[in-house]
Amino acid sequence: MSPSAVSSLNSQLEPLLRGRRVFLGITGSIAAFKAQDLVRALKACGAEVQVALTDSAKQFVTPLTLETLSGRNVHASLWNDGHGTHHIDLARWAEVFVVAPATANTLARMAHGLADDVISTEYLAFRGPVLVAPAMNPAMWDHPATRRNVEKLRTDGVRIAGPAAGLMACGEEGEGRMVEPDALLEAVAGCLYAPSNGKRALVSLGPTQSRLDPVRFLTNRSSGRMGASMAWALRAAGYEVTAVCGPIDPAVRLPADARRIDVRTSGEMASAVLAEWPRAQVYASAAAVLDWEFAEVHTEKLKKEAGVMPPSPPLQETQDILKAVCERRRPGQFILGFAAETRELRAAARRKLASKGCDAVFVNDVSKPGLGFESEANAGWWISSGDEREIPRASKALVARSLVDLIEGRTPKEVRPAAPLIEGNA
Ligand SMILES: Cc1cc2nc3c(=O)[nH]c(=O)nc-3n(C[C@H](O)[C@H](O)[C@H](O)COP(=O)(O)O)c2cc1C
């Protein structure tokens, strides 16, 4: 897991995981060392993590390391606490129950309802989402007994993450590797998503590009972070998400189950968005689509010549995607426009609201350092007809969650009505 991928994913998942109570059972697999990274990532997202270890797991990782990483006592025995309900306390406490890595042995215990160690006992007492990440030698994974046990667990509603294929610690190659901690982190957060609301959300994000010749193009500074945050927040609220992505920063992550359509030019983005819109209930137009593009794409590289003035290639207007979407809106569809401005933000947002015909506009100031473009934070105003709200500075993930609340008619606690507009404070 590269550090940039971790921080990008962490920032997206933090609003979902902050303050949530995660039980993490670690069992006797060589992959137990990766569970330590999962604890760190969960803690970085603000989750409370309670670790439990089987006896075999203690051969691979130490309670001391996990106590240090989780900041809580590790539970490594059914018998070491003494008070009456110790064996089910964690099941009562936890909101999500994770076993990673899960050995063939522990999967069998769970599938058959045995309760002879701390993980299997707490599992039987737990009512809520359960996620297991099997890790074992490919032959063990392929054994009919393991397959039967995994199927039983699936039938019982347990979510199975992986395993992945690849080179194993035992030197064999095949299916059986535990999925990587970043994928597990997302799977844990996925257990906390709202149930499906049966609706589809369409998000466009990132910049577009216009090619001049084989080596040069025109683009803008959008990284895609705000749009990706919208995709996560909508997914977490129970929407099925389709993301139309310009060439976004590769470190920007989308939910694994979002449908992703990659485009480069403004024309490609327009075609993809307009094709998807009829099936969506919400459109979040977070892409920074070029307003102008080169009128002609040169097939040969334009050469610099001594004494000759540089070329001024003619530009032409691109299609106004937001307007086109608004013109095709059916009753019940909601359109949120985004406006990046450098002055008179609210007035500019109101003009955009009226001229495009969308339901609301989120406007932010891109002239302020550390906000908007290429940054993790944002702030701005939600402008809809008759309602203006200030969205104070926060991570893009939190701003996106506030915007999704507003789309759904809820008032997030961070958001306050905007002060009346006085000339000059727009
Ligand atoms: C070096 C070593 C590595 C092991 N790795 C795995 C593994 O990746 N997956 C697995 O299912 N069992 C593995 N085992 C076997 C388990 O540790 C063994 O079945 C144990 O009883 C599991 O107990 P537990 O499920 O209570 O943790 C390994 C054993 C050894 C000695």
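**Close-up views of a predicted chain and its ligand**

**View 1. The whole chain, a predicted model.** Of the 426 residues in the chain, 53% are buried. The chain holds 14 helices and 20 strands. Its C-alpha atoms fill a box of roughly 80 × 55 × 40 Å along the principal axes. The accessible surface is about 19,600 Å². Carbon and sulfur atoms account for 52% of that surface. Now look at the contacts between residues at least 6 apart in sequence. Of these, 69% join residues at least 24 apart.

**View 2. The shell around the ligand.**

**View 3. Polar atoms facing oxygen atoms of the ligand.** A polar atom in the T54 side chain lies 2.7 Å from a ligand oxygen atom. Move on to A104, which contributes through its backbone. A backbone N or O atom of A104 lies 2.8 Å from an oxygen atom of the ligand. Then find R109, where the side chain takes part. An N or O atom of the R109 side chain is 3.1 Å from a ligand oxygen atom. How much of the ligand does the protein cover? On its own, the ligand has 640 Å² of accessible area, and the protein covers 63% of it.

**View 4. G176 in its strand.** G176 sits in strand β7, which spans residues 173–177. Is G176 buried or exposed? Its relative accessibility is 1%. A residue is called buried under 20%, so G176 counts as buried.

**View 5. The neighbours of G176.** Leave aside residues up to four places away in sequence. G176 then touches P134, A135, M136, P163, A164 and M168.

**View 6. From G176 to C191.** How far apart are G176 and C191, in sequence and in space? In sequence, they are 15 residues apart. In space, their C-alpha atoms are 22 Å apart. Trace the chain from G176, in strand β7, to C191 to follow this separation.

Methods
Residues are numbered from 1 along each chain as its sequence is written. This is a predicted model: local features need pLDDT of at least 70, side-chain atom pairs count only at pLDDT 80 or more; totals for chains, interfaces and linings use all residues. Side-chain values use heavy atoms; hydrogens and water are left out. Helices (H or I, at least four residues) and strands (E, at least two) are DSSP runs, numbered from the N terminus. Buried means under 20% relative accessible area, exposed over 50%, partly exposed in between (1.4 Å probe, protein chains only). Contact means heavy atoms within 4.5 Å. A polar contact is a pair of N or O atoms within 3.5 Å; within protein, one must be able to donate a hydrogen and the other to accept it, and residues adjacent in sequence count only if both atoms are side-chain atoms. Accessible areas come from the Shrake-Rupley method with a 1.4 Å probe; for residues, only the protein chains shown count as cover.
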